[in-house]
Amino acid sequence: MRITSIFYVIVLLSLYSTIINAAPATSAVPTLEKRQETEQDPDFNTNIFKSFKPLDITASPITREYTLTLAKTELAPDGFSRQVWTSNGQYPGPMIRANKGDQIVIHIQNNLGDFTTIHWHGIFQRGTTFYDGVAGQTQCLIATGTTFTYNFTGGEQYGTYWWHSHFRSQYVDGLRGALIIHDPKDPYLNDYDEEFVMTLSDWHHEESESLVKKRMAPGYDGFNPIPDSGLISGRGRCDCSKAPQGSKCVPDNPLAVYVIEKGKRYRFRVINTSAEAPFTFSIDQHPLRIIEVEGENVKPITMNKINIAVGQRYSVIVNADKEVNNFWIRATIVKQCIHVTPETINVNSSLNYKVTGILRYNGAPETYPTTQEWDEKILNCRDVDHNLLKLNPPRSPPVTPTDNFTLKITFDHINDVVHALVNGSPFNPEIYDPTANKLMYGGDETPSMLDKDQNAFVYDTQNGSVEISLINDNIATHPFHLHGHNFYIMAHGPGKVPDPSIFNLVDPAVRDTITVAGKSWAVIRYNIDNPGVWAFHCHIEWHVEMGMVGQLIERFSELKGDPIPPQVRSICTLDDDDDDDDDKKDNNNTAKKRSLKAYKNYYKRSDVPNHSRHVKYQFIRGSAY
Ligand SMILES: [Cu+2]
């Protein structure tokens, strides 16, 4: 064995022993560390409350291999017991970490009793669009009882990401976790001593599938389902006195507690993993020094409160320079952004919009804080002012885009069901025949052959750039997330007509998720440098189910020559013809076949009018939201 190989093995072994302790040393495929704290407290993953340091640097990039076992488990994140869709028994799912350039191999063992796909939110998937995990766009469904392996690298990417199911509304039920890529050359490495991850989310006591059915029931005239609670890193508190009779609910559920050492500086990576809720985030008496936004280092800027929309992430440095005590962590759901009418699902929710956790200095008593909130008020649904987020080092946007599109977002009724429309059409995922399979090597379609309800936007210019104008023609706020790229935010403003005279052509903010306010426009640009099929969608999951999704087909002339790996294609081997005779003849693949059959039957039974394909559009009423 060559010395370099021995070194490699030693590095690998030491890594596994430090970050993955659940697996025996001999196991070929280690599982992620189990993060249950004590036997008295088995309901929560708790390592998310443990600080960590950057991973050891390796001489060259290495492969990091993980297994996520997905299954439903009874947990009570806010005191109320329900079936939570867990990963390795945990909610939130385990944190996945790697260094810049590492190969990340993740085996998904699907024991959910349902189909799934997993998306790596923010990772560009350069050259691996088929590992982007979007059902109906980049891959077929992972059947229950089977394993599927994602295998990708972040390349030059670093920063704070997350992973979540991208099939139906599953992530809302718990299939979500953090994904961190450390940069050994992080310019701020000396500005902090340790790191924490913190996930924010709204939480529902009813399973999301049932909420989607109500949201898309014929004649429904309310807004998105009101959450029952908000969670910080999987912990929150609901009002058990309002829980339905016969349910299991334990009051005074433990809150999220982050323990810090006085004198140290901490990098908090804060991720909004909500179905809908935007949060205003702050820590009493502790200013937040922003250093990273969605995988982009920024010139540090200090704020006391920041708004974080669904899908967005911030790294902030918190200096433990106050007296040894307890301080409130505040993640307040921005009420102004949650629309409610008397008809709205769960309108009688006892949701406490003021979600809290505790920042506890080591040595402080285990009591609740008595600290006061920062004085300033943020009462809107806007992002942190883009003009304050300056890249470090600076980068300029494309000056003359070669391709441009307009996406106009509206709501309307189709057969008395409210849908979200992109340029007049709700997206209809073709889950048996994803776009990548149609267009990439071995597929027999061209982008022009895609149906209108595929909401495809096609550009094929080498060394070109794209400009997208988003026109939000309704009163709701939409956090739009782009797959495959970060984008430059050229400008945004009220009305329906973008104003190029206010575009920032010098130093605009760059991120992968932007909030577009009600009755407003936003214009973004990016370089055409990543062939693939990229989703572009509102990250409010209810709106996704209603159709607020586009697909960007980037550099088709290269895509059509790129093969999809056999293991990815193999889960699509089943056609969707309902022919029982065929089933009898074909004894291969029976588990998957049965599974697919079950899914199709489920759809037949389902009253979710999600798939409006071949339905004649019938616009009955005017605009709705
Ligand atoms: Cu939306």
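This is a predicted model: local features need pLDDT of at least 70, side-chain atom pairs count only at pLDDT 80 or more; totals for chains, interfaces and linings use all residues.
Over which residues near 601-625 does pLDDT stay under 50, and how many contacts beyond four places in sequence does the model have there? The stretch is residues 601-625 itself, and the model has 41 such contacts for it.

Figure 1. The mean pLDDT of the chain is 87. Of its residues, 84% reach 70 or more. Residues 1-46 are another stretch where pLDDT stays under 50. For residues 1-46 the model has 51 contacts beyond four places in sequence. The secondary structure comes to eight helices and 30 strands. Of the 625 residues, 49% count as buried. Take the contacts between residues at least 6 apart in sequence: 80% of them join residues at least 24 apart.

**Figure 2. An open sheet of six strands.** The strand order is β10-β9-β12-β17-β14-β15, and the pairing is mixed. The edge strands are β10 (229-232) and β15 (296-303). Each of these two pairs on one side only. Neighbouring strands of the sheet are turned by 25° against each other on average, direction ignored. Strands of a sheet pair through backbone hydrogen bonds, either parallel or antiparallel.

**Figure 3. Strand β12 and its two partners.** Strand β12 covers residues 265-272. Seven of its eight residues are buried, so the strand is mostly covered. Strand β9 (residues 194-203) pairs with β12 in the parallel sense, over seven bridges. Here Leu200 stands opposite Asn272 in β12. Strand β17 pairs with β12 in the antiparallel sense, also over seven bridges. There the bridge partner of Arg267 is Ile317 in β17.

**Figure 4. Strands β14 and β17.** Strand β14 spans residues 288-293, and strand β17 spans residues 313-319. The two run antiparallel. Four bridges join them.

**Figure 5. Leu200 in the largest nonpolar core.** This core has 148 residues. Which of its residues touch the most other members? They are Leu200, Val270, Ile329 and Ile524. Leave aside the neighbours of Leu200 within four places in sequence. Its remaining contacts include Ile232, Val270, Ile271 and Asn272. Phe279, Phe281, Ile308 and Ala331 are also among them. In soluble globular proteins, nonpolar side chains tend to be buried together.

**Figure 6. Helix α2 and its buried face.** Helix α2 covers residues 208-215. Ser208, Leu211, Val212 and Arg215 are buried in this helix. Seen down the axis of α2, the buried residues fall within an arc of 100°, so they line one face of the helix. What covers these buried residues includes α4 (541-546).

**Figure 7. Ile345 in a loop.** Ile345 lies in the loop between β18 (326-333) and β19 (354-361). Is Ile345 buried or exposed? Ile345 has 22 other C-beta atoms within 10 Å, and the cut-off is 20 or more, so Ile345 is buried. Ile345 and Asn224 are 121 residues apart in sequence. In space they are 6.8 Å apart, C-alpha to C-alpha. Not counting residues up to four places away in sequence, Ile345 touches Leu211, Lys214 and Arg215, among others. Gly222, Pro225 and Ile226 are also among the residues that Ile345 touches.

**Figure 8. An open sheet of five strands.** The order is β22-β30-β29-β24-β27, with mixed pairing. β22 (456-459) and β27 (513-516) stand at the edges. Each has a single partner strand, so one side of each is left without a neighbour in the sheet. Neighbouring strands of this sheet are turned by 20° against each other on average, direction ignored. Strand β24 (residues 478-482) and β27 run antiparallel and are joined by four bridges. His478 stands opposite Val516 in β27.

**Figure 9. Strand β29 and its two partners.** Strand β29 covers residues 532-538. Seven of its seven residues are buried. Three bridges join β24 to β29, and these two strands run antiparallel. Leu482 has Phe536 in β29 as its bridge partner. Six bridges join β29 to strand β30 (residues 549-554), again antiparallel. In β30, Leu552 is the bridge partner of Trp534.

Note on methods:
Residues are numbered from 1 along each chain as its sequence is written. A residue is buried if 20 or more other C-beta atoms lie within 10 Å of its own, exposed if 12 or fewer, and partly exposed in between; C-beta atoms are placed from the backbone. Two residues are in contact if their C-beta atoms, placed from the backbone, lie within 7 Å. pLDDT is the predictor's confidence in each residue, from 0 to 100. Two strands pair if DSSP finds at least two bridges between them. Axes are lines fitted to C-alpha atoms, for helices over the stretch in contact, and angles run from 0 to 180 degrees between N-to-C directions. The arc is that of the directions from the helix axis to the C-beta atoms. A nonpolar core is a set of buried Ala, Val, Leu, Ile, Met, Phe, Trp, Tyr and Cys residues joined through C-beta atoms within 7 Å.
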